[in-house]
Amino acid sequence: VPFARYLAMNKITNMKRYHVAKVYRRDNPATSRGRYREVYPRRGDFDIAGQFDPMIPDAECLKVVHEILSDLQLGDFLIKVNDRRILNGVFAVCGIPESKFITTCSAVDKLDKMPWEDVKNEMVGEKGLSPEAADRIGEYVQLHGGLDLIERLLQDPKLSQNKLAREGLGDMKLLFEYLTLFGITGKISFDLSLARGLDYYTGVIFEAVLLQQENDHVEESVSVGSVAGGGRYDGLVGMFDPKGRKVPCVGVSIGIERIFSILEQRVKASGEKVRTTETQVLVATPQKHLLAARLKLISELWDAGIKAEMLYKKDPKLLKQLQYCEDTGIPLAAIVGEQELTDGVIKLRDVATREEVRM
């Protein structure tokens, strides 16, 4: 929403950006539960705004998500993809009145957390749909697959009669062709139960979930929660533009907080040390009165673009300096003592193996 408003206010019609910054919730969050209106940084956003040929930017958004989740090595993941138009087409051919599309949508959205029977009961009991209509929806929203499923639905006698669904399926087919070229369809599933609660999505919608094997004997993997989501929101900029000028947009948000907590749990479990710096070498001295030698050497290293550190003490003990390397994970110590100064060399020590070379 803030991005759409920014485009409208500054009359920008073309922009591609990523952004990790404060996010402001529009609702009134329950501050008592640690949910604040200003959150930082809850997510990283990647958006492409502008009038382009169908599904090319959309495919790139999915490629970005795939790349991020692969690089972070969070384990197995799945990116579910659907299209609002296909969903609305399904509701229409199942006989749902348009006034009930959004509430039906929010019921369908719970399918990843609840079994179909419970979702059906909510549709009938709370949303006022007939059991027959709910069953008809159930036949569709439990389907998931790839290009083969898209082809099958394009031939579906009921669905192919619906203009919206036809458009959506045509675009979905294009999208999967591009994703095949990007080589990422292995992690992507066309999933008719994906609804994404926000009603400003106009076309393709997606959500990435992490998967976890339930146990070693079962192949079945379960979702442990969504780590990214997004979609196409072609109408949003027009809502903020005084002249109603439309700018088509597609974008994705990566849930940074959630990913961090997963990474933290993993590090804790493995007991490994996390390096918080990129320092390559600590400049150290074994005797007193050698601060000048350290300052000269570290200056040369810095000028050469080497990431170096030293302790801010005139005469630190060598053991203390080496201990600092171990604590912070600095791999090398460059040691200059009186003998080294005389010989015009330094002693480079590998902190982990304690090997030393003179250079």
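Student: At what angle do helix α7 and helix α8 pack, and how far apart are their axes?

Tutor: In this predicted model, α7 (residues 147-154) and α8 (residues 163-182) pack at an angle of about 155°, with their axes 10 Å apart.

Student: What makes α7 roughly antiparallel to α8?

Tutor: Angles over 145 degrees count as roughly antiparallel. The angle here is about 155°, so α7 is roughly antiparallel to α8. The crossing of α7 past α8 is left-handed.

Student: Which residues make the contact of α7 with α8?

Tutor: From α7 come Leu 147, Ile 150, Glu 151, Leu 153 and Leu 154. From α8 come Arg 166, Leu 169, Gly 170, Met 172, Lys 173 and Phe 176. By class they are seven nonpolar, one polar and three charged.

Student: Why is α3 called roughly perpendicular to α4?

Tutor: Helix α3 (residues 84-93) and helix α4 (residues 101-108) pack at an angle of about 110°, their axes 11 Å apart. The range for roughly perpendicular is 65 to 115 degrees. Therefore α3 is roughly perpendicular to α4. The contact involves Arg 84, Leu 87, Asn 88, Phe 91 and Ala 92 of α3, with Phe 101, Thr 104, Cys 105 and Val 108 of α4. Six of these residues are nonpolar, two polar and one charged.

Student: How do you know whether α4 and α5 are roughly parallel or antiparallel?

Tutor: α4 packs with α5 (residues 116-125) at about 160°, with axes 9 Å apart. The cut-off for roughly antiparallel is over 145 degrees, so α4 and α5 are roughly antiparallel. α4 passes α5 in a right-handed crossing. Thr 104, Ala 107 and Val 108 of α4 meet Val 119, Glu 122 and Met 123 of α5. That contact has four nonpolar residues, one polar and one charged.

Student: How many aromatic pairs does the structure hold?

Tutor: Three. One of them is formed by Tyr 200 and Tyr 233.

Student: Why is the pair of Tyr 200 and Tyr 233 called edge-to-face?

Tutor: Ring centres must lie within 6.5 Å to pair, and planes over 60 degrees apart count as edge-to-face. For Tyr 200 and Tyr 233 the values are 6.3 Å centre to centre and 65° between the planes.

Student: What parts of the chain does the pair link?

Tutor: Tyr 200 is in the loop between β7 (188-191) and β8 (204-213), and Tyr 233 is in the loop between β9 (221-232) and α9 (236-240). The two residues are 33 residues apart.

Terms used
Residues numbered from 1 in each chain as written. Predicted model: local features only at pLDDT ≥ 70, side-chain atom pairs only at ≥ 80, totals over all residues. Heavy atoms only, no water. Axes fitted to C-alpha atoms, helices over the stretch in contact; angles between N-to-C directions. Helix = DSSP H or I, 4+ residues; strand = E, 2+ residues; numbered from the N terminus. Parallel < 35°, antiparallel > 145°, perpendicular 65-115°, else oblique. Left-handed = near helix turned anticlockwise from the far one by under 90°. Contact = heavy atoms within 4.5 Å. Nonpolar A, V, L, I, M, F, W, Y, C, P; charged D, E, K, R; others polar. Phe/Tyr/Trp six-rings, centres within 6.5 Å; stacked < 30°, edge-to-face > 60°.
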